[in-house]
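This report describes one structure, going through its strands, helices and ligand shell in turn. The sequence and the coordinates come first.

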Amino acid sequence: MRTLIIYSSKYGFTEECADYLKEGIKCEVAIKDIRLNKQIDLTGYDWIIMGSSVYVGKISKKMKAFAERNIDKLLKRNIALFVCCTTPNDVDKYLSEGFSTKIYEASKYNANFGGKLQRDKLNFFERKITDMISKKEMKPQEILYKNMDSLIEFINLNENGDDKKRDE
Ligand SMILES: Cc1cc2nc3c(=O)[nH]c(=O)nc-3n(C[C@H](O)[C@H](O)[C@H](O)COP(=O)(O)O)c2cc1C
């Protein structure tokens, strides 16, 4: 079995999660940063895991466009989706609005790996935005190892796919 992890990360949190998945999944795993790889060959992979951080309510535009361009190939494989964000209640919304309905519905596992606001790394506008939003709803979170371990276990046990599962 071969697995491909495609991720989008601006300040490294999602990248850390993708690396953690790579270490835990027992089969051959390739990992690609969507921001550096416009064309990604999906040939030969049984599982495709796509994960993105969320900025102002949206997953990465490059991830969304990639999934649209490759929808036919993606739908022939086992798909798992994850987001990294600081409002866990909105995870389903981010995934269902970020990916097309067909991909969202075909996904065998949807996950939230948490998120971190790294204020020192943000530019002026990003700091203003997070200051405004965090007063209302954004809660600093840490990396959710439990949720990553659940996805790793799911893939290791279901090499050929299984019923759709949603983590807690
Ligand atoms: C400007 C800005 C806007 C953000 N908007 C959202 C948001 O709308 N919803 C959310 O849940 N998290 C939001 N976040 C939190 C990020 O998703 C979180 O910091 C994540 O860990 C970033 O991951 P990355 O370093 O891989 O890009 C925002 C963060 C920043 C800096």
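Which elements do the buried residues of α7 pack against? They pack against β1, α1, β3, β4 and β5 (109-112).

## Basis of the description

The model is predicted: local features need pLDDT of at least 70, side-chain atom pairs count only at pLDDT 80 or more, and totals for chains, interfaces and linings use all residues. Residues are numbered from 1 along each chain as its sequence is written.

Helices (H or I, at least four residues) and strands (E, at least two) are DSSP runs, numbered from the N terminus. A residue is buried if 20 or more other C-beta atoms lie within 10 Å of its own, exposed if 12 or fewer, and partly exposed in between, with C-beta atoms placed from the backbone. Contact requires that the C-beta atoms of two residues, placed from the backbone, lie within 7 Å.

## Helix α7

Met-148, Leu-151 and Ile-155 are buried in α7. Seen down the axis of α7, the buried residues fall within an arc of 60°, so they line one face of the helix; the arc is that of the directions from the helix axis to the C-beta atoms. An α-helix has 3.6 residues a turn, so residues three or four places apart point the same way.

On the face of α7 turned away from the buried side are the exposed residues Lys-146, Glu-153 and Leu-157.

Strand β3 (residues 47-53) has 7 of its 7 residues buried. Both faces are covered, with Trp-47, Ile-49, Gly-51 and Ser-53 on one side and Ile-48, Met-50 and Ser-52 on the other.

Two strands pair if DSSP finds at least two bridges between them. Strand β1 (residues 2-8) runs parallel to β3 and is joined to it by 6 bridges; Thr-3 has Trp-47 as its bridge partner in β3. Strand β4 (residues 78-84) is also parallel to β3, with 7 bridges between them, and Leu-81 in β4 stands opposite Met-50.

## Helices α4 and α5

The buried residues of helix α4 (residues 91-98) are Val-91, Tyr-94, Leu-95 and Gly-98. They fall within an arc of 90° seen down the axis of α4, so they line one face of the helix. These residues pack against β3, α2 (61-69), β4, α5 and β5.

Thr-101 belongs to helix α5 (residues 101-106). Thr-101 is exposed because it has 9 other C-beta atoms within 10 Å.

Ile-40 lies in the loop between β2 (28-33) and β3. With 16 other C-beta atoms within 10 Å, Ile-40 is partly exposed. Leaving aside neighbours within four places in sequence, Ile-40 is in contact with Ile-6 and Lys-32. Phe-66 is 26 residues from Ile-40 in sequence and 8.7 Å from it in space, C-alpha to C-alpha.

## The ligand shell

By class, the shell around the ligand has 11 nonpolar, 9 polar and 4 charged residues. Helices α1 (13-24) and α6 (124-136) each supply at least two residues of the shell, and α6 gives the largest share, 3 residues.

Methods
Ala, Val, Leu, Ile, Met, Phe, Trp, Tyr, Cys and Pro count as nonpolar, Asp, Glu, Lys and Arg as charged, and the others, Gly among them, as polar.
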